[in-house]
Amino acid sequence: MADNNTSDALSVAVLGTGIMGAAMARNLARAGLDVRAWNRTRARAEPLAADGVRVAGTPAEAVDGAEVVLTMLLDGDAVLDAIRQAADALPAGALWLQTSTVGVESLPSLVRFADEHRLRFVDAPVLGTKAPAEKGDLTILAAGPQDVRERAERVFGIVGSRTQWIGEDAGSGTASRLKLVVNNWVLTVINGTGESLALAEALGVDPRAFLDAVAGGALDLPYLRLKSELILSGDYPPSFTVSAARKDARLITEAARDAGVRMDLAEAAGERFRRAEEQGHGEKDGAAAYFASFGG
């Protein structure tokens with residue numbers, strides 16, 4: 001492994017070290033980059049020090065002198081709040097890789113901030129949850145100008161296995177809109193899995209008989225298996241939480257409404273995540289939306 005304190009190591013500030021950001025920061029440091037990280041709850045960032053990440057007390061401390069700033073936070077408001085706290089220390093010309101799922105409405109305010117502070121902005125939401133993030137196997141959906149892509153790929157090539165460039169204008173929202181489409185499918189599968197297993201239980205059907213019935217056919221898919229095993233085990237270690245899924249369902253339905261499209265399933269998905277959250281399952285994996293089928 002390269003020495004991450006060498007003068008020619010790319011310097012990256014990671015703002016947000018939750019499930020995804022922590023894995024990304026750790027992989028960047030292990031690859032020899034000079035990584036500094038900030039998280040609102042500092043205790044969640046502290047374990048990264050064992051991998052050579054410098055844990056900062058403020059966003060400004062994290063970005064001071066950084067060539068690249070990577071944001072991985074819950075939503076657009078959290079991203080804007082963090083980057084505003086970093087404003088005075090942001091180097092002009094720094095590359096801002098915005099990898100959070102922020103939807104359509106929040107993007108213009110982030111682009112404006114980047115322009116005002118002379119940052120090079122790439123809209124780059126990622127596909128994948130905890131395990132792919134830990135393995136550096138994310139897919140990055142990216143929009144940004146050609147002249148920053150080589151520098152961006154020095155980071156993307158470590159945190160992900162594939163980058164899908166889908167436009168040169170980050171402010172157009174092409175990447176963030178694609179992320180909403182993909183996540184709509186993700187939420188559909190999560191809720192379809194939970195409802196099918198809940199129905200099996202209610203009808204006295206062995207849920208594994210359902211899984212055996214679709215095994216290897218056109219109706220089978222790995223994500224169905226993954227979420228089913230969480231439900232059947234009764235253990236929900238979070239890779240994509242109920243609360244985060246509820247937020248994404250809201251972003252999807254709002255964007256669809258503005259575009260004049262009805263999204264009946266997405267609205268129902270949001271309601272299921274809301275009920276599961278109210279039942280106390282918000283920080284569990286999204287598969288815990290299964291509980292929304294019970295209890296009124």
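Trainee: Which residues lie nearest the centre of the largest pocket, and how many residues line the pocket?

Mentor: This is a predicted model. The largest pocket is lined by 50 residues. Nearest its centre lie Ile19, Met20, Leu74, Thr241 and Ala244.

Trainee: What volume does the largest pocket have?

Mentor: About 1400 Å³.

Trainee: Which elements give two or more residues to its lining?

Mentor: The helices are helix 1 (19-30), helix 4 (76-85), helix 6 (130-135), helix 8, helix 10 (222-233) and helix 11 (242-259). The strand is strand 7. Helix 1 gives the most, with six residues.

Trainee: Strand 7 belongs to a sheet. In what order do the strands of that sheet run?

Mentor: Read a sheet by strand order, then by pairing. Here three strands form an open sheet, ordered 7-8-9, with mixed pairing. Strand 7 (126-127) and strand 9 (160-165) each have a single partner strand, so one side of each has no neighbour in the sheet.

Trainee: What packs on the sheet?

Mentor: Helix 8 (residues 174-202) does, and it touches strand 7, strand 8 and strand 9. The direction of helix 8 makes about 135° with that of strand 8.

Trainee: How many bridges join strand 7 to strand 8, and do these strands run parallel or antiparallel?

Mentor: Two bridges join them, and the strands run antiparallel. Strand 8 covers residues 138-142. Leu127 stands opposite Thr139 of strand 8.

Trainee: How many bridges join strand 8 to strand 9?

Mentor: Five, and these two strands run parallel. Leu141 has Gln164 in strand 9 as its bridge partner.

Trainee: Which way do the residues of strand 8 point?

Mentor: Sort the residues by side, then check burial. Leu138, Ile140 and Ala142 point one way, while Thr139 and Leu141 point the other way. Five of the five residues of strand 8 are buried.

Trainee: Why is Thr139 classed as buried?

Mentor: Compare the relative accessible area with the cut-off. Buried means under 20%. Thr139 has 13%, so Thr139 counts as buried.

Trainee: Which residues does Thr139 touch, leaving out those up to four places away in sequence?

Mentor: Pro125, Val126, Leu127 and Arg162. Leu127 is also the residue that stands opposite Thr139.

Terms used. Residues are numbered from 1 along each chain as its sequence is written. This is a predicted model: local features need pLDDT of at least 70, side-chain atom pairs count only at pLDDT 80 or more; totals for chains, interfaces and linings use all residues. Side-chain values use heavy atoms; hydrogens and water are left out. Two strands pair if DSSP finds at least two bridges between them. Helices (H or I, at least four residues) and strands (E, at least two) are DSSP runs, numbered from the N terminus. Contact means heavy atoms within 4.5 Å. Axes are lines fitted to C-alpha atoms, for helices over the stretch in contact, and angles run from 0 to 180 degrees between N-to-C directions. Buried means under 20% relative accessible area, exposed over 50%, partly exposed in between (1.4 Å probe, protein chains only). On a 1 Å grid over the protein atoms alone, a cavity is a set of points where a 1.4 Å probe fits but cannot get out, and a pocket is an open set with protein on both sides within 12 Å along at least five of seven lines; lining residues have an atom within 4 Å of a point. Grid points are joined across faces, edges and corners, and a volume is the space filled by probe spheres set on the points.
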